[in-house]
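Please look over the following model before reading the notes on it. The briefing gathers computed features by topic.

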Amino acid sequence: MPPATLTLPSRRAVLSTTGALGLGALLTACGGERRDGGGAGGGRWSFTDDRGREAKADHRPERVVAFTGAAATLHDLGVDRRLVGVFGETKQANGQADPGAGDLDVDSVEIVGNAWGEFNVEKYAGLRPDLLVTHMFDKGALWYVPDESREKILRVAPSVAITTGRVPITEPIERYAELAGALGADLKAEKVTRAKARFEKAAENLRRTARGSGIRVMAASGAPDTFYVSSPKVNSDLIYFRQLGVDLVQPDDVEQGGYFESLSWENADKYQADLIILDNRTASLQPKDLKSKPGWRNLPAVRAGQVVEWDAVPRFSWAGFAPTLEALSRAIGDAKKVA
């Protein structure tokens, strides 16, 4: 996982001091649990997340606000109408859905923040959420929940965080499936079972393709002044690729957290690879944006035209990740040794 702030180096507080009084009233009114005691699912509801914390409510949550990628994951697993709001990159400047939104209908949910550091707490509270859901790449760190407003946000509703770093991607996929089931999704529905079967087939195909291919792969992100090389020791998707036999570049000078190494464009050739999988997030520069940088143009994989998209923050569902496995299998199968 390259940094979220590729082009946004500082977080921005969205809530202004002029709105503090109105927000305080909303926080008081919303509280941490619903007050009607009834509703779908019957009885009390609880789910223990990967912080070891139990999220509790008087009944199964009906109004869920989630990080966009988490919402897309839950949608894949059959949670739909309960998703009322999202935060994180959701819509691009042209109004189209961000790749991380997956199959989620971004026009059907309220966007309370569309970039790193953006989280409109007042709008969030106004949605009367029963539950907040997000990834947890590092223990205790809630993905895209700004530190400066975290306490206010967590007072509004119970929260669930799913570990998405330092474990193979199969683990968060299973955990999100557990959460979806707890939220009422039918995990035996054909849509879900078909997606799981596709995932398993794609994983085996990648294993066969990677075995003995000799193709070395580098996961990377581009920013105006920096080339990020991601580590297959802590990124959950890269951990899994390596388990399947993919030969991945391991940067030797990773930064705090261990997710990546930052290189200047002058040193972008520190690691050689036959194939580059490139971060496709909105905040990351794409091949057309990188053409002007000699450090990029001179990489063997780039010269050979062996660069493909990479979902650096993947969808942690069978449906969301199966296409990634299939695409990487095709890319490795088509690649030639150039480094």
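Predicted model: local features only at pLDDT ≥ 70, side-chain atom pairs only at ≥ 80, totals over all residues.

Helix α2 (residues 68-76) is largely enclosed by the rest of the structure, because nine of its nine residues are buried. By the rules applied here, the count of aromatic pairs comes to 17, and the count of salt bridges comes to 17.

**Helix α2 and its surroundings**

- The residues of α2 that count as buried are T68, G69, A70, A71, A72, T73, L74, H75 and D76, and the cut-off behind that label is a relative accessible area under 20%.
- These buried residues pack against the strands β3 (64-67), β4 (83-87) and β6 (131-136), and also against the helices α5 (170-182), α6 (190-210) and α11 (318-334).
- Just after α2, the backbone at G78 adopts a positive phi of about 105°.

**Helix α11**

- Helix α11, one of the elements against which the buried residues of α2 pack, has 17 residues that should span 24 Å at 1.5 Å a residue, and the distance of 24 Å between its end C-alpha atoms agrees with this.
- The buried residues of α11 are W318, G320, F321, A322, T324, L325, L328, S329, A331 and I332.

**H135 in strand β6**

- H135 is placed in strand β6, and its relative accessibility of 0% is the reason why H135 counts as buried.
- The side chain of H135 makes a polar contact, at 2.8 Å, with the side chain of Y176.
- When neighbours within four places in sequence are left aside, the residues in contact with H135 are F67, G69, A70, A141, L142, W143, I162, T164, Y176, V313, P314 and F316; among them, G69 and A70 also belong to the buried residues of α2.

**Aromatic pairs**

- The count of aromatic pairs comes to 17, and one of these is formed by F119 and Y124, whose ring centres lie 5.3 Å apart with the planes at 75°, so the pair is edge-to-face.
- Both F119 and Y124 are buried.
- A cluster linked by ring pairs takes in F67, F87, W116, F119, Y124, F137, W143, Y144 and Y259, and F67 and W143 from this cluster are also among the contacts of H135.

- Side chains of opposite charge can pair when their charged atoms come close.
- D58 and R44 form a salt bridge in which the closest N and O atoms are 2.7 Å apart; D58 lies in the loop between β2 (54-57) and β3, whereas R44 lies in the loop between α1 (20-30) and β1 (45-48), so the pair ties together parts that are 14 residues apart in sequence.
- K288 forms a salt bridge with D289, the closest N and O atoms being 3.2 Å apart; K288 is exposed, with a relative accessible area of 62%, and D289 is partly exposed, with a value of 32%.
- A network of salt bridges links D50, R175 and E178.

- Y144 has a positive phi of about 70° although it is not a glycine, and Y144 is found in the loop between β6 and α4 (150-156).
- Y144 is buried, with a relative accessible area of 4%, and Y144 is also part of the cluster linked by ring pairs.
- R166, likewise not a glycine, has a positive phi of about 70°; R166 is located in the loop between β7 (159-163) and α5, and with a relative accessible area of 40% R166 is partly exposed.

Technical notes. Residues numbered from 1 in each chain as written. Heavy atoms only, no water. Buried < 20%, exposed > 50% of the residue type's maximum accessible area, 1.4 Å probe, protein only. Helix = DSSP H or I, 4+ residues; strand = E, 2+ residues; numbered from the N terminus. Contact = heavy atoms within 4.5 Å. Expected span 1.5 Å × (residues − 1). Polar contact = N/O pair within 3.5 Å; in protein donor to acceptor, adjacent residues only side chain to side chain. Phe/Tyr/Trp six-rings, centres within 6.5 Å; stacked < 30°, edge-to-face > 60°. Salt bridge = Lys/Arg side-chain N within 4 Å of Asp/Glu carboxyl O.
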